[in-house]
Amino acid sequence: MRKAIYPGSFDPVTFGHQDIIERSSVIFDELIVGVLNNSEKNSLFSVGERVSMLKEITKDIPNVTVDSFDGLLVDYMKEIGATIIVRGLRAVTDFEYELQIAQTNHVEYPRAETVFLTTNLKYSYLSSSIVREFAAYGGDISKFVPSQFVDRIYEKSNRKQDGPTAVKNSK
Ligand code: PNS
């Protein structure tokens, strides 16, 4: 039984995350999407909101569940019996940080193996922080996140959904 965890902040979930979830669900028997319960002070969405958005987009994938965790990833993995960590690699700039985390996790928990999936080229530029930044300035985020989340993200960013036209005209 290959039980994997795809950990992250998912603030908010993007098409890039969704792509990694769908592809890993085919590779592993069971996939847990683990939302880090980090300090919510700097987060756009609460951990509960992030979990619920992920549940919405994974509801039709039977071997995927969504949960949140506190503290060290390896401790959570021991608790749930997962040994595989899935992470997406967008570009070489991600690699150094990801390698360091993967190696640290492996030292702390030798059964933990990290598997990297290269991000779909369509989403290689995409990150949650780019989405937050675009939303904050009223940019068009419809190409970045599932459609049902667009309004929620604008609301959280205290922006109306004015899109790129309004931004252009405001110059
Ligand atoms: O989406 P992110 O923010 O890049 O995800 C980072 C995450 C959640 C995978 C990483 O910060 C993490 O695993 N945090 C939990 C605490 C932990 O185990 N830290 C040690 C890793 S060296």
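Modeller: The account below goes from the sheet to the ligand and then to the residues around them.

The model is predicted, so local features are reported only at pLDDT of at least 70 and side-chain atom pairs only at pLDDT 80 or more, whereas totals for chains, interfaces and linings use all residues. Residues are numbered from 1 along each chain as its sequence is written, and side-chain values use heavy atoms, with hydrogens and water left out.

An open sheet is formed by 5 strands in the order β3-β2-β1-β4-β5, with parallel pairing. Here helices (H or I, at least four residues) and strands (E, at least two) are DSSP runs numbered from the N terminus, and two strands pair if DSSP finds at least two bridges between them. The edges are β3 (64–69) and β5 (113–118), each of which pairs on one side only. On average, neighbouring strands of this sheet are turned by 30 degrees against each other, direction ignored. Axes are lines fitted to C-alpha atoms, for helices over the stretch in contact, and angles run from 0 to 180 degrees between N-to-C directions.

Strand β1 (residues 3–8) is joined to β4 (residues 84–89) by 2 bridges, the two strands running parallel; Ala-4 stands opposite Ile-84 in β4. With β2, strand β1 pairs in the parallel sense over 6 bridges, and Ile-5 stands opposite Ile-32 in β2. In β1, 6 of the 6 residues are buried, so this strand is largely enclosed by the rest of the structure. Buried means under 20% relative accessible area, exposed over 50%, and partly exposed in between (1.4 Å probe, protein chains only). In a regular strand the side chains alternate between the two faces of the sheet. In β1, Lys-3, Ile-5 and Pro-7 point one way and Ala-4, Tyr-6 and Gly-8 the other.

Helix α3 (residues 73–80) lies across β1, β2, β3 and β4 and runs at about 150 degrees to β1.

The ligand is surrounded by residues that include Pro-7, Gly-8 and Ser-9, together with Leu-36, Phe-69, Leu-73, Arg-87 and Asn-105; the criterion is a heavy atom of the residue within 4 Å of the molecule. An oxygen atom of the ligand is 2.6 Å from an N or O atom in the side chain of Ser-9. A backbone N or O atom of Leu-73 lies 2.8 Å from a ligand oxygen atom. For the side chain of Arg-87, an N or O atom is 3.0 Å from an oxygen atom of the ligand.

The side chain of Arg-87 also makes a polar contact of 2.8 Å with that of Glu-98. A polar contact is a pair of N or O atoms within 3.5 Å; within protein, one must be able to donate a hydrogen and the other to accept it, and residues adjacent in sequence count only if both atoms are side-chain atoms. Glu-98 is found in helix α4 and counts as buried because its relative accessibility is 5%. Not counting residues up to four places away in sequence, Glu-98 touches Arg-87, Leu-89 and Phe-116, where contact means heavy atoms within 4.5 Å.

Asp-94 lies in α4 (residues 92–108) and, at 14% relative accessibility, counts as buried. The side chain of Asp-94 reaches the backbone nitrogen of Arg-90 at 2.9 Å. With neighbours within four places in sequence left aside, Asp-94 is in contact with Gly-88 and Leu-89. Gly-88 itself is found in strand β4. By the same exclusion of neighbours within four places, the contacts of Gly-88 are Tyr-6, Ile-20, Asp-94, Leu-117 and Thr-119.

A cis peptide bond joins Asp-11 and Pro-12, with omega about 0 degrees. Phe-10 lies in the loop between β1 and α1. Its phi is near 50 degrees, a positive value in a residue other than glycine. Phe-10 is buried, with a relative accessible area of 2%.
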